[in-house]
Amino acid sequence: MTTGTPLVTVLGASGFLGSAVTALLARRPVRLRAVSRRPYAPPPAVTRAGPARLDIRTADLTDRAALADAVAGSDAVIHLVTHRSAAGDWRTADGDAAAERTNVTVMRDLVEILGARDRRRNGADAGGRGARDRGEGPPPTVVFASTAGLAHHAGPPATTYERQKLAAERTLHAASASGSLHGLSLRLPTVHGHVEGGGPDRGVVTAMTRRALAGEPLTLWHDGTVRRDLLHVDDAAHAFLAALDHAPALAGRPWPVGSDRSRPLGEVFRTVVELVARHTGRPAVPVLTVEPPGGSTGTDFLDVEVDSSAFRAATGWRPRAALGDALERTVAALAAAATATPRADISPKEGNHL
């Protein structure tokens, strides 16, 4: 970072994870640039959090010029942008040009923009010294949100989404190896929870909670024994700050980050319906096994277990949220807001499974 007040830019600041990361960064003495595709009104958790000087921007980051403007002068960039369907589904079809631009091209443009800046910055002065020789600090840092799915099957990526995340990772890590930036990726499992005033969680825990609140049965595509690592959004946000603080030591590779404890989905869903019943006073809705839809893949039926030991050893970070307490807080928040939650927020794929 520079010797002055560092500029940290969050791409995707209005999203679910972006809201949590931005709120934590707001507590630091930094210049904080929050960038999102749609107009973003930061919640009190951001505006009142602390000493950060906040700069809010709206930009289409698939536009290279807009991306260059968004990251101009940044000492660090936290890249949380990913493609989702209009209903919030992360699944990506082959040939989806919009997904390719968001998940792959934005990263390619980002490292080229930062690399060009680093080359200009390291041009020799009259005394023949580059910027680093003059003590002007290290190259910028980029921390990228990737997927834990990349580590859980042999061979090439099993889905288009995983292929695109891997392509972005490789682009970032190659740029890091060249010395133009410190780049690393965090491979995350399912992130869940509730961010006060922040972006919506469109993942399976929230989707199933809303179904139960609406009195509808929860559905599984299997017998409920498939296991998932569920990482609370607060723990995920703290992991990004830990990565930021240790970037030179972490740069150039992916790091699995999770709760380090997987749970059977059937157990998770039954806990959700019991908590909803307790909050509403109504009988618990059933948890049913149904036939998987045509869009399901083999990866939907694989366990996802994450070993964060390397990241924990390198940074001192550790997951803190207990799943039971986290589910209780999520159900309480969604129950309080149930009448304001539109059913359109739940897509068929998203509502059935992880």
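## The main nonpolar core

A nonpolar core is a set of buried Ala, Val, Leu, Ile, Met, Phe, Trp, Tyr and Cys residues joined through side-chain atoms within 4.5 Å. In this predicted model, the largest such core has 43 residues, and those with the most contacts inside it are Val 21, Leu 25, Leu 186, Leu 188, Phe 240 and Phe 311. Both helices and strands give two or more residues to this core: the helices are H1 (16–25), H7 (233–245) and H8 (247–250), while the strands are E1 (7–11), E2 (31–36), E4 (76–79), E5 (141–147) and E6 (182–188). Helix H7 gives the most, with nine residues.

Which residues are in contact with Leu 25, leaving aside its neighbours within four places in sequence? They are Val 8, Val 10, Val 30, Leu 32, Ala 52, Ile 78, Leu 241 and Leu 244.

Another core, of 21 residues, lies apart from the largest one, and Val 35, Val 81, Val 111 and Phe 144 are among its members.

Three strands form an open sheet in the order E7-E9-E11, with mixed pairing. Strands E7 (190–192) and E11 (262–264) stand at its edges, and because each has a single partner strand, one side of each is left without a neighbour in the sheet. From one strand to the next, the twist averages 50 degrees.

Strand E9 (residues 227–232) and strand E11 run antiparallel and are joined by three bridges; Arg 227 stands opposite Pro 264 in E11.

Methods
Residues numbered from 1 in each chain as written. Predicted model: local features only at pLDDT ≥ 70, side-chain atom pairs only at ≥ 80, totals over all residues. Heavy atoms only, no water. Buried < 20%, exposed > 50% of the residue type's maximum accessible area, 1.4 Å probe, protein only. Helix = DSSP H or I, 4+ residues; strand = E, 2+ residues; numbered from the N terminus. Contact = heavy atoms within 4.5 Å. Pairing = 2+ DSSP bridges. Axes fitted to C-alpha atoms, helices over the stretch in contact; angles between N-to-C directions.
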